[in-house]
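Please keep the sequence and the three-dimensional view at hand while reading.

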Amino acid sequence: MYGTDALKGWSQVVDAIHDQGGQIWAQLWHIGGTRRPAGPPGRESPVVSPSGIGLAGENCGNPASVGVINDIIAAYARSAVNARDVGFDGIELHGAHGYLIDEFLWAFTNRRTDGYGGSPQGRNRFASEVVSAVRAAVGDEFPIGFRFSQWKDGQYDARIADAPQELQDLLTPVVDAGVDLLHPSTRRYWQPAFAGSDRTLAGWTKQLFDVPVIALGSVGVSSPFAGTGKDEARQATDLTPLVDLFHRGEFDLVGLGRASLADPDWVRKVADGRFGEVRAYTKAMEKTLH
């Protein structure tokens, strides 16, 4: 979210969406240790991660110095201001899926022994400072969302928290730094988050934090993310569980990805009850979409 040409292009996108009565948020993210060395867009830039450890335990560059951390925090703040100034209605900080913010939150990739590692209070420091810097830069009225996840790219059993209290301890300082909305990303929105409860990750997030929550994870698709089971496919396309969870108060908003890529009119058709007209997402579409 920087550079004259890029910002001019984004301004045109924002104006087009506003002209149709829509709103748009910019999702700001740094992919951290998942970036390949000498990869685009800045091929000369080094790979940055908390401890030089990749999602599968491999070496990935050098641990970020405090100076580099401060530079990245400042870059998030500048990008948020740019997003606001070109007309975006809010921003979401991507702290999920094994990207940089998530690498600091996850104990497996964060082995630091300074103030940015160790305890939950150390591991959430980078995320909290990013949020705080962004909030100071954009002001109190500009909305900030925060996306997080248990799973990481290729590491579907990964967890940043094994119990609700751990999740609360880890994310409370992040929310308190200035987050207006939380976006827990899951692969299957209907699955329980923790042992001993049928509450989903969105449901626990709503229970623990006093902000609106987005539920996400294979909503309305015939091929659940990274899965092929027929039972899961039926559950993903049947919206009854989603509606039931909404009425239970587990979330406020629903996130769609592949469903809306497969059928841009998905929301309108569902709202009108035209379920038979929905073009469902299938695995066969993946090559076309990519």
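A26 stands opposite I91 in strand 4, and L28 is placed opposite L93 of that strand. The model in which these positions are seen is a predicted one. Strand 1 and strand 4 are paired in the parallel sense, over four bridges. On the next pairing, L93 has F146 of strand 5 opposite. Strand 4 and strand 5 are likewise parallel, and six bridges hold between them.

What is the setting of strand 4, buried or exposed? Eight of the eight residues of strand 4 are buried, so the strand is largely enclosed by the rest of the structure. Buried here refers to a relative accessible area under 20%.

The largest pocket has a volume of about 1300 Å³. Its lining consists of 37 residues, and those closest to the centre are R147, H183, L216, L256 and G257. Which elements supply at least two residues each to this lining? They are strand 1 (25–28), strand 4 (90–97), strand 5 (144–152), strand 6 (181–185), strand 8 and helix 10 (258–262). Helix 10 gives the most, with four residues. By class, the lining of the largest pocket comprises 20 nonpolar, twelve polar and five charged residues.

A further open space, the second largest pocket, has a volume of about 1000 Å³. It is lined by 25 residues, and M1, Y2, W29, H30 and P41 lie nearest its centre. Helix 1 (4–19), strand 1 and helix 2 (66–85) are the elements that give two or more residues to this lining. The largest share, eight residues, comes from helix 2. The lining of the second largest pocket contains 15 nonpolar, seven polar and three charged residues. The largest cavity has a volume of about 40 Å³. Its lining is made up of P184, T186, Y189, T200, L201, A202, A215 and L216. Of these residues, six are nonpolar, two are polar and none is charged. L216 lines this cavity and is also among the residues closest to the centre of the largest pocket.

The charged side chains form another part of the picture. The structure holds 13 salt bridges. One of them joins the side chains of D252 and K206, with an N to O distance of 2.8 Å. This pair links distant parts of the chain, 46 residues apart: D252 lies in the loop between helix 9 (240–247) and strand 8 (253–254), whereas K206 lies in helix 7 (residues 201–208). D252 counts as partly exposed because its relative accessibility is 33%. K206 also counts as partly exposed, at 28% relative accessibility.

A second salt bridge brings together the side chains of E250 and R248, at 2.9 Å from N to O. Salt bridges with shared partners join D198, R248 and E250 into one network.

K269 and D263 form a further salt bridge, in which the closest N and O atoms are 2.8 Å apart. Both K269 and D263 are buried.

Notes:
Residues are numbered from 1 along each chain as its sequence is written. This is a predicted model: local features need pLDDT of at least 70, side-chain atom pairs count only at pLDDT 80 or more; totals for chains, interfaces and linings use all residues. Side-chain values use heavy atoms; hydrogens and water are left out. A salt bridge is a side-chain nitrogen of Lys or Arg within 4 Å of a carboxyl oxygen of Asp or Glu. Buried means under 20% relative accessible area, exposed over 50%, partly exposed in between (1.4 Å probe, protein chains only). On a 1 Å grid over the protein atoms alone, a cavity is a set of points where a 1.4 Å probe fits but cannot get out, and a pocket is an open set with protein on both sides within 12 Å along at least five of seven lines; lining residues have an atom within 4 Å of a point. Grid points are joined across faces, edges and corners, and a volume is the space filled by probe spheres set on the points. Ala, Val, Leu, Ile, Met, Phe, Trp, Tyr, Cys and Pro count as nonpolar, Asp, Glu, Lys and Arg as charged, and the others, Gly among them, as polar. Two strands pair if DSSP finds at least two bridges between them.
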